[in-house]
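Before reading on, please take a moment to look over the sequence and the model together.

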Amino acid sequence: MKLTVRALMGACAIGAFSAAAYAETITIATVNNGDMIRMQGYTDDFTAKTGHTVEWVTLEENVLRQRVTTDITAKGGQFDIMTIGMYETPIWGKNGWLVPLNDLSAEYDAADILPAMSGGLSYEGTLYAAPFYGESSMVMYRKDLMEKAGLEMPEAPTWEFIREAAAKMTDRATETNGICLRGKAGWGEGGAFITAMSNSFGARWFDENWKPQFDTEAWANTVNFFKGMMDESGPTGYATNGFNENLSLFQQGKCGMWIDATVAASFVTNKDSTVAEHVGFALAPDNGLGKRSNWLWAWALAIPAGTQKEAAAKQFIEWATSKDYIELVAAKEGWANVPPGARTSLYENPEYQKVPFAKMTLDSILSANPNAPTVDPVPYVGVQFAAIPEFAGIASDVSQEFSAAYAGQQTVEEALAKAQAIATDAMEAAGY
Amino acid sequence: MATKASRTAARIMMAPAVILLLGWMLVPLIMTLWFSFRNYLPLRGGDLGFAGFDNYVRFVTSSAFWPAVMATMIIVVGTLVITVVLGVLLALLLDQPMWGQGIVRILVIAPFFVMPTVSGLVWKNMFLDSVNGLFAHIARFIGATPVEWMIEAPFFSIILIVSWQWLPFATLILLTAIQSLDSEQLEAAEIDGAPKIKRFWYIIVPHLGRAITVVILIQTIFLLSIFAEIYVTTAGAFGSKTLTYLIFQRVLESQNVGLGSAGGVYAIILANIVAIFLMRIVGKNLDS
Amino acid sequence: MARSITTKRKTINTAFAWAVGLLIFFPILWTILTSFKTEADAIAFPPKFLFFDWTLENYAVVQERSDYMRFLWNSIIIAGGSTLLGIIIAIPAAWSMAFVPSRRTKDILMWMLSTKMLPAVGVLYPMYLIFIKLGWLDTRIGLVIVLMLINLPIIIWMLYTYFKEIPGEILEAARMDGASLKSEILYVLTPMAVPGIASTILLNVILAWNEAFWTLNLTAANAAPLTAFIASYSSPEGLFYAKLSAASTMAIAPILIMGWFSQKQLVRGLTFGAVK
């Protein structure tokens with residue numbers, strides 16, 4: 001059976017090779033984030049270089065995720081390249097649904113990809129998706145408000161400091177909230193934040209035997225601390241705030257601090273931001289337990305196994321995630337706008353080092369370790385998620401319970417008890 | 001009256017529609033039933049074998065099940081009440097002589113043309129958002145604290161959005177019915193000196209019975225499966241998770257097709273209970 | 001016959017109806033206005049109603065990012081095609097149910113409506129697998145057929161109720177004159193039913209235009225209609241109200257304009273048999 005499959009794939013590869021000389025049209029599913037939309041604008045450069053044309057299917061993150069997951073599991077073959085993240089890549093790679101990217105050209109320099117990124121996008125040492133951009137999370141804060149509060153942000157703050165600073169910066173009269181954080185339901189929204197945060201409190205999703213751990217004190221501490229701090233110093237209605245809502249608040253000068261994706265740094269310092277010149281950066285806080293509360297994520301390009309246009313798709317990936325592409329964007333739109341977090345060489349570039357958030361982004365990425373995300377050992381890979389197929393479903397339910405607790409509709413203890421029940425039930429159903 | 005030949009012809013003419021709909025009903029239904037007894041997990045490699053009634057038991061014993069049934073009912077009933085009551089009033093208003101009737105009508109029916117996703121997004125972001133939404137701006141303007149609509153009143157928000165979309169439909173049907181009302185009958189009542197309320201209650205409302213039945217029937221079918229409005233607003237948080245949304249979560253987020261299919265079977269059963277219920281209560285109206 | 005209406009009453013009616021009408025229309029108006037604002041003006045407090053710097057920038061951005069015409073064309077084909085196909089299948093069925101009723105006609109009608117109650121998401125995987133087998137993924141024909149099937153019960157029911165209102169004597173007379181079944185439908189029935197058919201078409205074009213589950217999940221690049229177009233603007237990074245408004249306006253404008261021109265037809269015709 002295996003032999004047939006391999007023979008078949010070989011045949012495909014040969015077919016693809018001989019077809020490479022012809023111009024093809026590849027279909028790419030991607031997310032509607034700023035960097036991807038910018039990439040679409042440069043498609044002509046790719047077409048000029050290779051002759052291939054591109055059909056874009058741009059969708060909002062959640063819709064995209066459902067769309068590509070349905071297609072890959074049902075083997076629909078609708079896309080030649082899919083934009084996926086660190087959560088999907090190892091699971092799909094394990095199932096043999098993705099084309100291994102271990103034969104990229106020499107000038108592409110795959111070794112230049114940040115080890116944290118290639119590690120999270122591989123399964124058993126084989127790269128299955130090439131990072132378009134990578135991110136961790138960090139503290140973005142208002143230097144002016146910090147000064148007014150008579151405090152100084154350390155490079156690596158603790159949660160205690162953050163809470164204290166948040167309280168001091170808060171001024172309800174001027175709608176200045178000391179801190180803005182994600183409380184919105186959804187595993188990629190509030191779920192990601194609280195999970196990354198829980199790591200620094202010594203909590204974990206599952207123990208070594210895949211038993212859910214929401215009944216532990218560490219989780220109670222995490223959620224209580226979060227809710228306590230946000231009730232004191234967060235914006236009203238933070239239980240519905242996700243990345244976008246917080247970004248908008250910060251840009252309008254309504255947040256003293258914001259702990260979120262490192263890619264947000266370029267948004268809070270660009271022309272849309274009313275506070276651009278006051279923004280400072282620091283590592284995500286810790287609790288002295290040896291783990292910080294920053295996550296690790298990459299939006300990466302992968303080729304579904306079975307596509308007829310593998311060669312052209314690979315050419316596209318080599319173009320879009322190359323050093324040349326970064327330079328193309330830098331030349332046209334400045335270094336602050338290049339896709340960050342994917343390549344070592346970018347951070348060695350003296351031009352890029354002048355970008356104010358470059359160093360902190362790199363330090364944050366380097367301090368996250370998806371293979372050992374928690375204080376206590378865990379059986380899963382992933383910082384703000386666990387790379388198992390059941391996670392997204394469980395985490396989506398769990399984060400809804402948390403959001404209801406943030407909104408005051410139930411206590412933190414009730415939310416955690418429900419989370420434990422949901423997770424236990426789902427893990428049983430999956431046969432752990 | 002109908003000859004045998006015409007009856008045969010009638011059958012032949014009905015055949016394409018009936019066969020197509022039978023296929024459209026049976027194929028997915030049978031596949032749903034089949035999957036609901038399988039342990040079908042696409043991300044774990046697909047069909048992992050027979051699951052017995054596990055999926056059914058698991059779906060119904062999940063803590064989310066009954067709240068989801070309740071949420072579905074609240075949204076359906078809430079929307080029905082609002083659209084029928086406001087629809088009757090609006091239809092009466094639009095039936096009155098006025099200047100620019102045509103334009104007013106198009107203004108009133110316009111929401112029906114808006115895609116559910118668009119209306120959900122527009123309402124959530126531009127009206128109900130507690131920071132930048134118009135309602136928050138108004139609240140601030142009059143010195144009140146902006147309401148967190150999605151948290152404090154998720155059902156109200158969803159019902160508001162859905163009602164806004166379906167009010168035109170109800171109004172249109174009720175308006176056509178009112179227009180067919182015999183004006184002589186009304187005039188006679190007016191001459192008899194019957195007060196307005198009485199005229200409304202004893203002449204107009206009974207006349208509208210049939211139209212209201214139709215509105216309820218058609219809207220229920222559509223409302224039982226509303227999805228986009230919830231997806232883009234609360235995403236099922238704060239207790240607003242309907243049965244359709246729960247099935248969506250099981251199928252697409254948890255990637256458990258077996259479990260989702262079992263949920264689908266429950267949803268069909270629920271829909272049919274509602275349908276039978278409707279038929280019993282209002283079906284007579286349709287026959288007359 | 002006509003009741004005499006005082007000018008005063010008419011004025012009050014007009015004022016009140018316009019107020020209500022504008023209130024209901026306001027969300028759409030606000031969306032259209034916002035689409036001409038800059039992102040900063042779109043969230044400004046106090047909100048700017050008419051006095052802002054009108055700009056077409058958002059439309060330019062949206063047009064540059066996505067090929068609007070292609071989405072529009074797909075929407076037209078899918079909504080129009082499915083409605084047309086549905087009408088062709090539904091007319092004979094509705095005809096026979098209306099004029100050669102049997103004891104089971106009502107049951108069949110109810111059963112047809114009940115096929116609409118299967119929650120779509122529950123059968124996503126089965127449908128996806130079927131579509132792969134048939135090679136229908138991301139094709140317009142696939143969507144035309146699915147949307148036709150979804151709306152067929154509504155089409156049949158609407159047509160049935162219109163046909164029911166046509167007096168049987170006319171058909172009898174035609175039959176006496178020796179009209180064949182075909183000419184009976186073509187020359188006698190259809191002209192009388194045209195208003196009903198027209199409003200059925202209108203309603204179903206609207207329903208098909210706005211269908212957002214199958215059109216989103218069964219398409220990729222080639223057959224994606226405007227619902228997919230919206231999905232790429234729904235919650236991007238950064239400020240997005242103005243761009244979302246522009247995209248929304250573009251998505252609803254064609255159907256809104258169609259509705260505008262046909263509102264008389266829609267107001268007169270949408271009865272579902274509600275009127276005896």
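## A residue and its contacts

Two residues are in contact if their C-beta atoms, placed from the backbone, lie within 7 Å. The model described here is a predicted one, and every value given below was computed from it.

Ala136(B) belongs to helix α6 of chain B, which covers residues 134-141. Leaving aside residues up to four places away in sequence, Ala136(B) touches Asp129(B), Ser130(B), Val131(B) and Pro146(B). Ala136(B) counts as buried because it has 23 C-beta neighbours inside 10 Å, and 20 or more are needed for that label. From Ala136(B) to Ala271(B) the separation is 135 residues in sequence and 37 Å in space, taken C-alpha to C-alpha.

## Positive phi angles

Most residues other than glycine have a negative phi. Against that background, Glu124(A) has a positive phi of about 50° although it is not a glycine, and Gln255(B) likewise has a positive phi, of about 55°, without being a glycine.

Where do these residues lie, Glu124(A) and Gln255(B)? Glu124(A) is found in the loop between β4 (122-123) and β5 (126-127) of chain A, while Gln255(B) is placed in the loop between α12 (243-253) and α13 (257-287) of chain B. Glu124(A) is exposed, since 8 other C-beta atoms lie within 10 Å, whereas Gln255(B) counts as buried because it has 25 C-beta neighbours inside 10 Å.

## A hairpin in chain B

In chain B, strand β1 (residues 38-41) and strand β2 (residues 46-50) pair in the antiparallel sense over three bridges. Within this pairing, Leu41(B) stands opposite Gly46(B) of β2(B). Four residues lie between the two strands of the hairpin, and Gly45(B) there takes a positive phi near 110°.

The domain assignment divides chain A into domain 1 (2-135 + 296-358) and domain 2 (136-295 + 376-429). The centres of domain 1 and domain 2 of chain A, taken over C-alpha atoms, are separated by 29 Å, and the contact takes 15 residues from domain 1 and 16 residues from domain 2. On the domain 1 side, the elements of chain A that give two or more residues are α5 (88-94), β6 (130-142) and β10 (296-302). By class, that side has eleven nonpolar, two polar and two charged residues.

## Where chain C meets chain B

In the contact between these chains, 78 residues of chain C meet 83 residues of chain B. Several helices of chain C give two or more residues to this side, including α1 (7-34), α4 (68-99), α7 (140-164) and α12 (241-269). The largest share, 16 residues, comes from α1(C). By class, the side of chain C that touches chain B has 56 nonpolar, 17 polar and five charged residues.

## The largest nonpolar core

In soluble globular proteins, nonpolar side chains tend to be buried together. In this model the largest nonpolar core has 319 residues, and those with the most contacts inside it are Met140(A), Ile173(B), Ala94(C), Ile156(C) and Leu159(C). The element that gives the most to this core is α7(C), with 17 residues.

Definitions and conventions. Residues numbered from 1 in each chain as written. Chains lettered and ligands numbered in written order. Predicted model: local features only at pLDDT ≥ 70, side-chain atom pairs only at ≥ 80, totals over all residues. Nonpolar A, V, L, I, M, F, W, Y, C, P; charged D, E, K, R; others polar. Core = buried A, V, L, I, M, F, W, Y, C linked by C-beta atoms within 7 Å. Buried ≥ 20, exposed ≤ 12 C-beta atoms within 10 Å, placed from the backbone. Domains from an automatic or database assignment. Pairing = 2+ DSSP bridges.
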